[in-house]
Amino acid sequence: MHIAQIAPLTEAVPPKLYGGTERVVSWLTEELIALGHDVTLFASGDSRTSAKLEAVWPRALRLDGSVRDPNALHMMMLEQVYRRAGDFDFLHFHLDYYPFSLFSRQPTPFVTTLHGRLDLPEDQPVFDTFCNVPVVSISNSQRRPLPQAHWVRTVLHGLPEQLLTPKPVKPSYLAFLGRIAPEKGIDRAIHIAQHCGIPLKVAAKVDRVDQDYYDEQIKPLLQSGNVEFIGEINDTQKSDFLSGAIALLVPIDWPEPFGLVMIEAMACGTPVIAFNRGSVPEVIDDGISGFIVEDINGAIGAVDRLDHLSREKIRRQFEQRFTARRMAQDYLSVYRALSEKLAPHLRLVGHDAPAL
């Protein structure tokens, strides 16, 4: 198949540091190529890919301070894809609802993976209006606010099997990885570590929108001698960081659509202690790859039970459930099913068309 992957321009594909959606697009693209498919990637010009790169803008927008209206550039990208839609067998968007109107009015089959939260009130009229547009969820829990959407499948994320691997180090600290924001629960992670008397290492970024929250509420907590703030790390640093952790803490307080950090930890054989929110029960096998808890007290109790888990079994769970190869095969099933659903309609139209 000749497949177009259309990524956000916010980060490069893959991101140089933090960036979940663009990272998943990169892994999917590379696996589709490894499986023998022809892939064109619409993304920022600083992306690195084995696919044919259609560079819509020279740099990732988060790192380009000159761009004040990112929506304008995404609209330009959608028009570029639309003009070339006939060149592809299938179009796969990662741009939320932005493609819905335009691409419902053209014949090339397409799907959109929804990567973010969907529980905002303003999402309801959008999906009422576009209730026939095919969409993929990244967890079943993500679907709950929008039962009216045309869900065609849930495809759990996966990452390359050898991207992150267990390292032969003695675990000695608790870890927090990702982004510092109120819903991610860094304050709760600090409290858990302090109560357990175990050092906490924090590898996370601070978005501009969360800078005040960080400065006023979190930065004072990081002054504790029990906490080491590392900042953002890239994929080459994650194996060492996660392998050295007794457990990864995911004390979230929001309907997490997926949570890549959990499978990154699993790839390193590191247990995950996560609050029972959003996708967590679909990703963590309680008592095997970690513990699912309801609150801080539950997390503190779970730390005492970590010795019951096998890091080798956690790695095996990752290999069985969360590789990029499995993810790519799942998406190929989606592409084929939607293409076959459309094909009879196209043949019928062609058969009935008057001769020229």
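Modeller: A residue is called buried when its relative accessible area is under 20%, exposed when over 50%, and partly exposed in between, with a 1.4 Å probe and protein chains only. This is a predicted model: local features need pLDDT of at least 70, side-chain atom pairs count only at pLDDT 80 or more, and totals for chains, interfaces and linings use all residues. Residues are numbered from 1 along each chain as its sequence is written, and side-chain values use heavy atoms, without hydrogens and water.

Biologist: Which residues of helix α8 are buried?

Modeller: In α8, residues 235-243, they are Asp235, Lys238, Ser239, Phe241, Leu242 and Ser243. Helices (H or I, at least four residues) and strands (E, at least two) are DSSP runs, numbered from the N terminus. The cover over these buried residues includes α1 (20-34), β8 (173-179), β9 (200-205), β11 (245-250), α9 (260-267) and α12 (311-321).

Biologist: What makes the pair of arginine 23 and aspartate 235 a salt bridge?

Modeller: The term requires a side-chain nitrogen of Lys or Arg within 4 Å of a carboxyl oxygen of Asp or Glu. The side chains of arginine 23 and aspartate 235 meet at 3.3 Å, N to O, and thus form a salt bridge. Arginine 23 belongs to helix α1 and aspartate 235 to helix α8, so the pair ties together parts that are 212 residues apart in sequence.

Biologist: Why are both partners called buried?

Modeller: Arginine 23 has a relative accessible area of 3%, so this residue is buried. Aspartate 235, at 16%, is therefore buried as well.

Biologist: How do you know that glutamate 232 and arginine 62 form a salt bridge?

Modeller: Their side chains meet at 3.6 Å, N to O. Glutamate 232 lies in the loop between β10 (227-229) and α8, and arginine 62 in the loop between β3 (52-57) and α2 (70-84), so the pair ties together parts that are 170 residues apart in sequence. Glutamate 232 counts as partly exposed because its relative accessible area is 28%. Arginine 62 is partly exposed because its value is 29%.

Biologist: Where do arginine 277 and aspartate 253 lie?

Modeller: Their side chains form a salt bridge of 3.9 Å, N to O. Arginine 277 is in the loop between β12 (272-275) and α10 (280-283), and aspartate 253 is in the loop between β11 and α9, 24 residues apart. Salt bridges that share partners also join Arg23, Asp235, Lys238 and Glu264 into one network. The structure holds 22 salt bridges.

Biologist: Why is serine 139 called buried?

Modeller: The relative accessibility of serine 139 is 0%, so this residue counts as buried. Serine 139 is located in the loop between β6 (134-137) and α5 (140-143).

Biologist: Which residues touch the most other members of the largest nonpolar core?

Modeller: Among its 86 residues, these are Ile186, Leu200, Leu248, Met262, Ile273 and Tyr335. Helix α13 (residues 324-352) gives the most to this core, with 8 residues. Apart from this core lies another, of 27 residues, including Leu95, Phe103, Phe127 and Ala149. A nonpolar core is a set of buried Ala, Val, Leu, Ile, Met, Phe, Trp, Tyr and Cys residues joined through side-chain atoms within 4.5 Å.

Biologist: Which residues are in contact with leucine 248, leaving aside neighbours within four places in sequence?

Modeller: Among them are Ala175, Phe176, Leu177, Leu242, Val261 and Met262.

Biologist: Why is methionine 1 called partly exposed?

Modeller: Methionine 1 has 28% relative accessibility, and therefore counts as partly exposed. Methionine 1 lies in the segment before β1 (2-6). Its contacts beyond four places in sequence include His37, Asp38, Leu332 and Tyr335. The C-alpha atoms of methionine 1 and arginine 68 are separated by 37 Å, with the two residues 67 apart along the chain.

Terms used. Contact means heavy atoms within 4.5 Å.
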